[in-house]
Amino acid sequence: MLLIKCPFCRERSEIEFVYGGPVGPDRPDPTICTDDEWLDYLLMVPNPTGPVEERWWHAKGCGDWFTIWRSTVTHEVVDRPGDE
Amino acid sequence: MAYNAKISRVGAMTLFDLKGKQTALAGWAGEALPPFPNTPNTSASKDEMELLFIGPDHWLLHAPLGREAELETVLTPTEAPPEISIVRISDTQTFFSITGPDAEQIISIASPLDAHLSVFPENGATFTEAFGLKALILRKRDGFSLSVEQSFGDMVEDYLERAMS
Amino acid sequence: MNNRLAEGGRIDRSRPLTFTFNGSRFQGYEGDTLASALLANGVALTARSFKYHRPRGIFGAGVEEPATLVELLGKDACGNRPPTTVPLRDGLSAKSVNCWPSPRFDFGAVTELFARFIPAGFYYKTFKWPNWHLFEPSIRRAAGLAAAPADPPSSGHFEARNGHTDILIAGAGPAGLMAALTAGRSGARVFLADEGNEAGGALLSRKLSVDGQTALDWVAAAVAELAGMPNVVHLQNSTVWAYREHNLLCVNELDPDHPTLLERNWRVRAKQVIVATGAIERAIVFANNDRPGVMLSSAVQTYVNRYAALPGQRAVFFTNNDSAYAAAADFAAAGGSVAAIVDSRTDVPKTAKAQAEGIEILAGSVVCDVTGRGRVKSARVSDLGGGAERFIECDLLGVSGGWSPTVHLFSQSRGTLTFDETLVAFVPDVPAQKCICAGASAGKLSLQDTLQDAADKAVAALGAAGFKAAKLVAPKAEDAPYSAEPLWRVECNAKGKAFLDIQNDVTVDDVHLAIREGYSNVEHVKRYTTGGMGIDQGKTGNINIIGTVAMQQGTALPDIGTTTFRAPYTPVSFGAISGLREGSVVLPYRHTPVTKWNHERGANMYEAGARWRRPGYFPQSGENFQEAVNRECLAVRDRVGVYDGSPLGKFELKGRDVGNYLDLLYTNIMSTLSPGNGRYGLMLSEDGLILDDGVAMRLGEHRWIVSTSTGHADAMSQHMEKVLQFDHPDWEVMITTVTSQWNNATICGPRARDVLQALGTDIDLSPDAFPFMSLRDGTVAGLPARVVRVSFTGELSFEVNVAPRHMAELWDKVMAAGAGFGIEPVGSEGSHVLRVEKGFLSLGHEVDGTVDAYDLGMGWIMSKKKPDYIGKRSVEIRRAGGSVRRELVGLLPEDPDEMIPEGAPLTPGGSKQATEGLVTACVWSVVNGRWVALALLENGHSRHGEIAHVRLRSRVIPAQVTKPVFHDPDGKRLRS
């Protein structure tokens, strides 16, 4: 059970949240992108060993959708890479 | 020792859901409302009404059920400008009052929220989880108010009775 | 009680307790454990072993006990408890597990005669065909543990609760108490939990002094000071059994101070954790090292000092370290006779010898075997090389293989371990969470070191948690130093089994076999031999397994490493984990204001999505299921019916961009709706699958209401907010869930309008003024209402929405007003029949995660005008692939009285081939007087008129393929 920092509510138990998956590329414009670009967007889900940006919904709290960076190795919630 | 707490089912309260920018809401209905609380998950009160800051650009107006018609007239949800949303949701939640010296222990059975006074202040008000459900918890003078989606009211009453048994 | 000392110990001689063990009555005292009381009564043979049914006694004094497990009988029946952890109470009744009729005469003991035929991996090798589960039950009975109790405990219930703290301290021995005092005085919130029935840890078993007073006086003063601190929660009988992510720890509190609570399971979130769990003494591996009378030397010391019980009369101690010397001295001081201390080290430190004056010390010697079967009779002692053998008579053999810091919690937190060559033990290395080990668990094996270490570590932990703490100078403690040398097993020519894991009957030979067969990794050795599994999880023996593997492979212990430490540290009741969640609240449930009426009406209720308990049907007296459903359906088709549509998901949307937003969410165009009107729509996920269907209604220029299917309301809320907050944060759209702000009675059937008129309304109900797919606000039966013309039955239908506080009243009035028109309440079974007759799709039936709108014959709903909506591109790509699609069709079984089971496969010609579809629903159609079905069938749209074949195990059902609609195909009735 992780402890997740909601931007509005601060640290809360994972049980209050719904996982929204890792953040992939932005949605391409479906009226002009190629099939491959569209399928990459749909299917290529980031799955690194280490920090990954992922979405969480504070479903039982304030309702905010936000992202955190979490290490897939240690569960540690870390700063966005590059931020100091 | 069995728990020294008293639990009662209050039922519905007046609730209006307010969304939009604070300035826009204040502009539309500011005089009718308590002051806007500054800190997330706290409330401010006026004339038996409380304004709860429960999400980004999101407040709840909470008052005794008897105030509903009067507040509806003042807030006029259907006339509100497009940039704010005011929706009467009094019937969506059912309230329980949990009071007494062991009230915080009952909350800890229900919810993972840290309801310690050093964390959840005198005017604390937040949505969290209780008995597996989305729940609104408010600190009250002698304990807490806990409310859940109205249709789960019987189940939560069942749970609270089990907690006190 | 022939082995009870006349004085001393932590028992209350003024409170005698009577208990029963294996049918015999005994007496003990308040403060005893079942184990100490049995030993005080001279009961040495207490169990039979797991696999070989060898006689066993009591080996330890706490949670490490590997040899004896008991089953508690009576009102709080419980299996597989080490008697060392069972507090004695009056009337307690227990029996040994895994022996019949008694541990002394055990029929299962014949197993040992065949022992050489059941080596490690025996079950895996032998019982693999046709499958393990065929053999499992009988093997479980023969080699085993106690059965789960048949009934829940009758004397109380369980509770689970959450806790929050700045500092959690696991263990209230000297280190834990010292840390708690430091932390408590700083003002931090402190949570101190200890598994014992009183604080003190190892100090309870030893005779030490602190600051010139007895150590236990110091403990009492510390406990009293902590009790006066409102910021400190101090729990005894409370084991920290799991260390989870982000400093969440599980603590199981036994016998809490509450009249009806059996156990309370805490989930505590801590800013910082101090692990002060002490150390556990290790067994030594030699032939027949499992015989009753062989006991950890620290356990001997505990029984003598804490429980005033002498576990034997004449003892030999066998050690590779200093700690056994104090144990031998305490045993002698209590009146026992110590024949010798056998020490595997050739150089025994003076400080050790000094503790055991007058006792013969055999340095450089080992015990290689014992004689005696039901009880040790003598120890066979030789020098390290195997020479100079002699037998020393004894009825007790205290063994000490050195001490392992209790690193379980630290390791569960994913902290790493390192092997300390001086301590000959794995000790904590790099923490992975906000966690610090203190005292013996950090490898500080003397009292003075432990106290100072705990004080220092507490200051560090407090600093990390944001508290300033004054550095405490630890009190002065007297304790001998500790040193040890490795002794992973005694190598000699003795024949008997040498046990590495006493509980699971795993011997040195088993580990050698595993390595020979290729299971050389220590994790594989564990799984192949089961060494280190079971109730005790190898607390006294794991290190010897690792040592044995290292010796066999010629490597060093650090290269072998430990097996993974996993929760729970000690067994936990399932009840404690589930807490209050039992009986009526095992599953969540939701009620509407009509639920009570439904019950009174005798409805058959069940869950129908999103945790709502809804009426399935309303049987009248003498009616069976089908008759009741038929009656309800006929009422709707011929007259009028009503159902409680309250659970439908509802969302109110506000803002200037709602139209655009709905156009993105739905496959069809919503933004062109005018106020008061609505449209049915489909929502897809981005991969093109159908997410939900529902109706969008425009209430005003910038106000909308959207309904979703009952079961998907939460998922739709998640989807809508995600799209809005991530993809279009700049759009002016505000969503409010109003599912429970509106309840509704849906009145449907040709007489629905008449019923509404009879109820009284200010809404003009004429078809021109109030057409299909529109909504009107007004009053109905004097109640404020929103009436919506939608239809899920194919009949004229009015959904009368009111606030829940008015719903029960509305319902009663509808039933009264409808009585003259023959109104019937309709359950979910009837609703299902009515929608199948119309071919209306149902998520979970026709929509199963593979079909798209075209497959359902709903291509018209996929807007060609909109350049984009969620899922559009994916559907286009999939359909461009040109693969064969399963399409929605109706099926009429050739025999109209033949029912087709839902989910039944369709195959070409009914032959044994790959399926070409499946039946999604089949109902008795009241309007057609026959069974009708819906199915997904390959290329079904072009196969109307053909005969398809349902293939069942026993027979083939031919059925005609039709359009998926069996009633009013033009929809005239629902628009009427």
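What follows is a chat about chains A, B and C of a predicted model.

Colleague: Before we start, what kind of model is this?

Modeller: This is a predicted model.

Colleague: Okay, chain B then. How many helices and strands does chain B have?

Modeller: Chain B has four helices and 10 strands. Going along the sequence, the pattern of chain B reads β-β-α-β-β-β-α-β-β-α-β-β-β-α.

Colleague: And what radius of gyration does chain B have?

Modeller: Chain B comes out at 16 Å. A compact globule with 165 residues would be near 15 Å, so chain B agrees with that. Along the principal axes, the C-alpha atoms of chain B fill a box of roughly 55 × 30 × 25 Å.

Colleague: How much of chain B is buried?

Modeller: Buried residues are 53% of the 165 residues in chain B. As for contacts in chain B between residues at least 6 apart in sequence, 61% join residues at least 24 apart.

Colleague: Now chain C. What are the counts of helices and strands there?

Modeller: Chain C has 24 helices and 50 strands. The box filled by the C-alpha atoms of chain C is roughly 110 × 65 × 55 Å along the principal axes. Of the 976 residues in chain C, 54% are buried. Contacts in chain C with a separation of 6 or more are 66% between residues 24 or more positions apart.

Colleague: How many residues does each side bring to the contact of chain C with chain B?

Modeller: Chain C brings 33 residues and chain B brings 32 residues. On the chain C side, β8, β35, β39 and α21 each give two or more residues. β8(C) gives the most, with six residues. By class, that side of chain C has nine nonpolar, 15 polar and nine charged residues.

Colleague: And the contact between chain A and chain B, how many residues are in that?

Modeller: There, 11 residues come from chain A and 12 residues from chain B. The chain A side has five nonpolar, three polar and three charged residues.

Colleague: Back to α21(C). Which sheet strands does that helix touch?

Modeller: Let me start with the sheet. Six strands of chain C form an open sheet, ordered β41-β42-β43-β40-β34-β44, with mixed pairing. β41 and β44 of chain C are the edge strands, each pairing on one side only. Helix α21 of chain C (residues 804–819) packs on the sheet and touches β34, β40, β42 and β43 of chain C. The direction of α21(C) makes about 20° with that of β40(C).

Colleague: How do β40(C) and β43(C) run, parallel or antiparallel?

Modeller: β40(C) and β43(C) run antiparallel, joined by six bridges. One pair to look at is C:T746, whose bridge partner in β43(C) is C:E799.

Colleague: I clicked on C:M807. Where does that residue lie?

Modeller: C:M807 lies in helix α21 of chain C.

Colleague: Is C:M807 buried or exposed, and why?

Modeller: C:M807 counts as buried because it has 24 C-beta neighbours inside 10 Å. Leaving out residues up to four places away in sequence, C:M807 touches C:T592, C:P593, C:V594, C:S646, C:N743 and C:V802.

Colleague: And how many Å separate C:M807 and C:T406?

Modeller: The C-alpha atoms of C:M807 and C:T406 are 61 Å apart, and the two residues are 401 residues apart along the chain.

Colleague: What about α4(C) and α5(C), at what angle do they pack?

Modeller: α4(C) and α5(C) pack at about 35°, with axes 10 Å apart. The crossing of α4(C) past α5(C) is left-handed. The contact uses C:L177, C:A180, C:L181 and C:G184 of α4(C), plus C:V219, C:A222, C:E225 and C:L226 of α5(C). Those residues divide into six nonpolar, one polar and one charged.

Colleague: Last one: what do β26(C) and β27(C) form?

Modeller: β26(C) and β27(C) form a hairpin with four residues between them. The two strands pair in the antiparallel sense over four bridges, and C:T418 has C:V427 as its bridge partner in β27(C). In the turn, C:V424 has a positive phi of about 55°.

Technical notes. Residues numbered from 1 in each chain as written. Chains lettered and ligands numbered in written order. Predicted model: local features only at pLDDT ≥ 70, side-chain atom pairs only at ≥ 80, totals over all residues. Contact = placed C-beta atoms within 7 Å. Nonpolar A, V, L, I, M, F, W, Y, C, P; charged D, E, K, R; others polar. Rg over C-alpha atoms; globule rule 2.2 N^0.38 Å. Buried ≥ 20, exposed ≤ 12 C-beta atoms within 10 Å, placed from the backbone. Axes fitted to C-alpha atoms, helices over the stretch in contact; angles between N-to-C directions. Left-handed = near helix turned anticlockwise from the far one by under 90°. Pairing = 2+ DSSP bridges.
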